Amino acid sequence: MEQKVIRVGVVGLGRGMSLIRDSLHEPDMRLAAICDINPQKIEDAKKILAEENITGYACFEDYDEMLKADIDAVVVATDAVCHVPFVIKAMEAGKHALSEIPAVNSLEEAKELKKCVVRHPELKYMTAENDCFMGFIEAWKMMYEDGKFGEIVYAEAEYLHSTDYREIKAERYKPDHWRSYNPAIKYITHELGPLLYIMDDHCVSVSCMVPEPIYNPYKPNYAQNGVAILKTAKGAVIRVLICFGAYVGYTHNYAMYGTRGSIEFDKSKPRLEAHSLARFSDIPGSLQQKIDIPVTCTSFGAGGTGHFGLDRKQVRAFLDAIINDTEPPINVDLGIRMALPGIFAHESYLNGGSAVEIPDVADFDLA
């Protein structure tokens with residue numbers, strides 16, 4: 001039987017090339033087109049592709065022109081504020097779409113994205129939330145589905161990501177770039193996403209507070225940090241900290257506490273070496289002494305340079321969904337449910353921290 005090959009186009013060659021690089025030699029994928037409005041980004045991408053001995057692709061500065069090319073799928077890795085319009089254009093042109101996060105930037109975008117995906121059942125849409133593919137997150141999901149935790153009572157996640165304040169330079173923060181003006185809490189997907197992925201749940205309300213100290217002087221009007229408290233449909237409470245404005249370095253931390261067991265990421269170890277520490281009611285003695293679960297960030301087949309191999313795993317999942325005609329693991333509903341709480345968390349902050357209800361994608365009017 002002849003192997004099906006998916007011809008892929010990539011738009012947004014900053015993040016786009018790092019996302020796709022580890023998948024360039026997948027036997028069932030061929031890079032057929034690259035696109036960026038910045039000619040220098042195209043030249044930089046061509047150098048990377050030359051190093052990988054990749055040829056035969058077309059180059060575009062105009063996204064609409066790329067969509068006319070002979071491609072089956074588009075990887076949308078543009079600035080975050082452009083994801084939805086670019087995905088919709090791709091799907092209306094008959095292309096499958098893998099979208100970088102956040103999947104949406106407003107409730108209106110969420111509704112338009114959902115409508116588009118429903119209009120095109122013949123196509124696959126997937127949100128590229130790579131942290132769901134971390135080895136320990138996949139292990140936690142298996143344990144949750146096996147009932148090891150019972151019902152989740154409380155979960156938490158932290159995204160700690162900062163530059164040393166002595167190295168912050170003004171030229172790195174252009175006022176018109178989305179990272180310079182988008183509130184930190186809106187970038188909630190990396191933390192909330194894996195928890196919802198594990199728990200098969202969604203958020204129904206959120207309250208958010210923002211600390212006042214300014215860490216980065218070149219973003220004085222930007223909410224550099226945010227803390228959200230969320231309630232889920234299954235009754236759990238989740239706390240999420242997005243911290244881009246403190247002397248914290250870089251890591252992701254997660255924990256889940258349930259009626260039959262609990263687990264947490266070992267914060268005392270470097271991210272690539274850290275195991276999980278757990279207590280299970282069906283294992284005597286674990287209430288007093290945590291059990292070491294030796295699964296790291298990169299376990300379960302991750303390999304490569306892009307986010308420790310996680311980018312390759314998510315691209316592989318996207319290709320498999322197309323080839324096997326199966327539902328992507330992070331479909332449009334889950335992608336929207338990962339992003340909307342951050343949008344409404346910012347609304348809560350603007351309202352003094354009052355709780356705000358979060359609409360659910362299942363209730364959207366798609367008429």
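## Before we start

This is a predicted model, in which local features need pLDDT of at least 70, side-chain atom pairs count only at pLDDT 80 or more, and totals for chains, interfaces and linings use all residues. Residues are numbered from 1 along each chain as its sequence is written, and side-chain values use heavy atoms, with hydrogens and water left out.

## The whole chain

The chain has 10 helices and 15 strands. Both are DSSP runs numbered from the N terminus: helices are H or I with at least four residues, and strands are E with at least two. Along the principal axes, the C-alpha atoms fill a box of roughly 60 × 55 × 50 Å. The radius of gyration is 21 Å, which agrees with the value near 21 Å for a compact globule of 367 residues. That radius is taken over C-alpha atoms, and the globule rule is 2.2 Å times the number of residues to the power 0.38.

Of the 367 residues, 56% count as buried. Here buried means under 20% relative accessible area, exposed means over 50%, and partly exposed lies in between, with a 1.4 Å probe and protein chains only. Contact means heavy atoms within 4.5 Å. Among contacts between residues at least 6 apart in sequence, 70% join residues at least 24 apart.

Nine strands form an open sheet in the order 14-13-12-11-7-10-9-8-15, with mixed pairing. The edge strands are strand 14 and strand 15 (356–357), each of which pairs on one side only. Two strands count as paired if DSSP finds at least two bridges between them. Strands of a sheet pair through backbone hydrogen bonds, either parallel or antiparallel.

Strand 9 and strand 10 (residues 237–243) are antiparallel and share seven bridges. Within this pair, I229 stands opposite R239 of strand 10.

Strand 13 pairs with strand 12 (residues 261–265) in the antiparallel sense over five bridges, and L277 is the bridge partner of E264. Strand 14 (residues 291–293) also runs antiparallel to strand 13, joined to it by three bridges. There, S276 stands opposite I293.

## A covered helix

Helix 8 (residues 189–199) is mostly covered, with 11 of its 11 residues buried. Among them are H190, E191 and Y197. After helix 8 comes D200, whose phi is positive, near 50°.

## Two loop residues

Q224 lies in the loop between strand 8 (203–209) and strand 9 (225–232). Is Q224 buried or exposed? Q224 is buried, with a relative accessible area of 3%. Not counting residues up to four places away in sequence, Q224 touches several residues, including A184, Y215, K219 and F244.

K148 sits in the loop between helix 6 (135–145) and strand 7 (152–161). K148 is partly exposed, with a relative accessible area of 22%. K148 and R279 are 131 residues apart in sequence and 9.4 Å apart in space, C-alpha to C-alpha. Leaving aside neighbours within four places in sequence, the contacts of K148 include M143, R260, F280 and D282.
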